[in-house]
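Please keep the sequence and the 3D view at hand while reading.

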Amino acid sequence: MTLAEILAGLFSQGHSVIVRDGLVTGGGPFAGGKVHVVGVDGDTPLGVDGALILSRAVLDAVRSGDKAPILVVVDSDSQRMSRRDELLGLNECLAHLAKALLLADRSGHPTIGLIYGHSAAGAFIATALATRILAALPGANPSVMDLPSVAKVTKLPLDKLQEMAKSTPVFAPGLDNMVAAGAVHVVLDPGKPLDGQIRDLIANLQPGDDRDRLGEERGGRPVARGIAEAVIAQAGRG
Amino acid sequence: MAGAHAASTDPDALSWYEATARQRVVALADPGSFEEFLPPTERRMSPHLPLFDLPRAFDDGIVVGRAKLDGKTVLVAAQEGRFMGGAFGEIHGAKLVGLLRAALTLKPAAVLILFDTGGVRLQEANAGETAIAETMRAIVDVRAAGIPVIGLIGGRAGCYGGGGLIAGICSRLAVSEGGRISVSGPEVIETNKGAEEFDSRDRALVWRTMGGKHRRLIGGADAFCADTVSAFRQAALDLIGRAPAFDLDTLEAEQARLESRIARFGDCRDATEIWARLGVNDPESVPAMDTRAFDETVSRVREADHDAR
């Protein structure tokens, strides 16, 4: 599904969403109120400049006090890999964007991620993974690193990794594996109206961070929840 | 274990860069005060590394627990850069997430994170990536509850990838000369964009671009430490006392600070050009400066100190 199709499915009364240099900002009337939209389109890498444009839009929404939902649409590359970005503090800029989204969530704006294309590494963490709930459309392709690069770093043959990827969700790229890890909460049905599905997600938002519980239930992260609970239990003694 | 040796190690003499994670924690804390959660005796080991025929660690490369710092209770996490580059695996990440969640009810004086990490452990990539996202949300919750989260960065693995993003969420950061903070590592940039973009073998370039002195000068870190445990202890105590609030005003100030940085320095090719524009008289001399000379230089740079984090 393309961004234009997604926006058409969400905003039957029109919208003000624009895409400039792969950066998405704007909003539209939704369910008797409105929805803010920010994001990355067209497999665009996220660098210092883009991160600050998106964080500006998120902080403006918080400043407005409208408490309207913020939809984070994502079809990005990884973080932009360059000497200039690191020189200027890419870690601060990506973290700032994530903080803006987490602040919005704490300030009464439901934050919903919608991944409909690619995303990877730092760009994925600073956008989609910084929302309260992350939905995906079939065909989305989130990853940490592609298998050829994993092969290079781990010094394992690519064909062996491809074989392992079939049975081991914990390291392999792709939507199914991110769902299994609990990172992606839900996969939407492209055959049903999108606006109703997003409206239902907003209506059923849960407090707290339930990603480790989902990862345990789905088998992609079998031990994380139990480990975190054990640390909390030991910390509570004495 | 290393902790037994560390207990008798002099914090003034112990190199942060050379020390193990457990040595750092034990020497950083008030003597005898460190109490570890899920210690190595519990053998909570990665269920995934055997698939890759890789050795495991009894603590999965991170030490978490409770300690006293100047008599006050703090929670501490320390990554072990010598095991899998300190990278975030499933258990490693979950121990940090659990510690931060525990802080919400225990209300310690601070949470200290001793970073030493290359980022996500690729053999457990999805678990590591998700744990980093959980960690960032948990730090925001802890900060919003009024508890400072202080990052200490000076280990041999640096603070890369998702570790760099987590560092950017913390209330305050202390860094030493050996600490490097970055998202993409030098080798990653070179592999993807070529040696013309970044020559990872040019170590001076790596330190200038990602190292502790550059981060301190541009305001990416709040304290610069000599490479000793006692220097990091002193910095932690100082930073706990002046942690910024987590609210809209802080983030608006950070937005302005980062926009201003890009407007002023966005056309610079090298860190030395940025340092010159910051008003450093002899930018070429910065890498060789000792801690005292560097502190004097920092004191004249307006951008270095702020509450916009």
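## The sheet of chain A

G113(A) stands opposite L134(A), a residue of β7(A). Strand β5 (residues 111-115) of chain A and strand β7 (residues 133-136) of chain A run parallel and are joined by four bridges; strands here are DSSP runs of E with at least two residues, helices are runs of H or I with at least four residues, and both are numbered from the N terminus. This is a predicted model, in which local features need pLDDT of at least 70 and side-chain atom pairs count only at pLDDT 80 or more, while totals for chains, interfaces and linings use all residues. Residues are numbered from 1 along each chain as its sequence is written, and chains are lettered from A and ligands numbered from 1 in the order in which they are written.

The open sheet has seven strands in the order β1-β2-β3-β4-β5-β7-β9 (chain A), with mixed pairing, where two strands pair if DSSP finds at least two bridges between them. Its edge strands, β1 (18-20) and β9 (186-187) of chain A, each pair on one side only.

## Helices on the sheet

Helix α2 (residues 48-64) of chain A packs on the sheet and touches β2 (23-30), β3 (33-46) and β4 (70-79) of chain A, contact meaning that C-beta atoms, placed from the backbone, lie within 7 Å. The direction of α2 makes about 175° with that of β3(A); axes are lines fitted to C-alpha atoms, for helices over the stretch in contact, and angles run from 0 to 180 degrees between N-to-C directions. Helix α4 (residues 90-106) of chain A lies across β4 and β5 of chain A, at about 160° to β4(A).

## Where the two chains meet

In all, 70 residues of chain B are in contact with 68 residues of chain A. On the side of chain B that touches chain A, the largest share, 13 residues, comes from α4(B). The residues of that side divide into 39 nonpolar, 16 polar and 15 charged, with Ala, Val, Leu, Ile, Met, Phe, Trp, Tyr, Cys and Pro counted as nonpolar, Asp, Glu, Lys and Arg as charged, and the others, Gly among them, as polar.

Helix α7 (residues 203-210) of chain B has V206(B), R208(B), T209(B) and M210(B) buried, a term for residues with 20 or more other C-beta atoms within 10 Å of their own. These buried residues pack against α3 (83-87) of chain A, and also against α6 (186-193), α8 (212-217) and α11 (271-277) of chain B.

Methods:
A residue is buried if 20 or more other C-beta atoms lie within 10 Å of its own, exposed if 12 or fewer, and partly exposed in between; C-beta atoms are placed from the backbone. Two residues are in contact if their C-beta atoms, placed from the backbone, lie within 7 Å.
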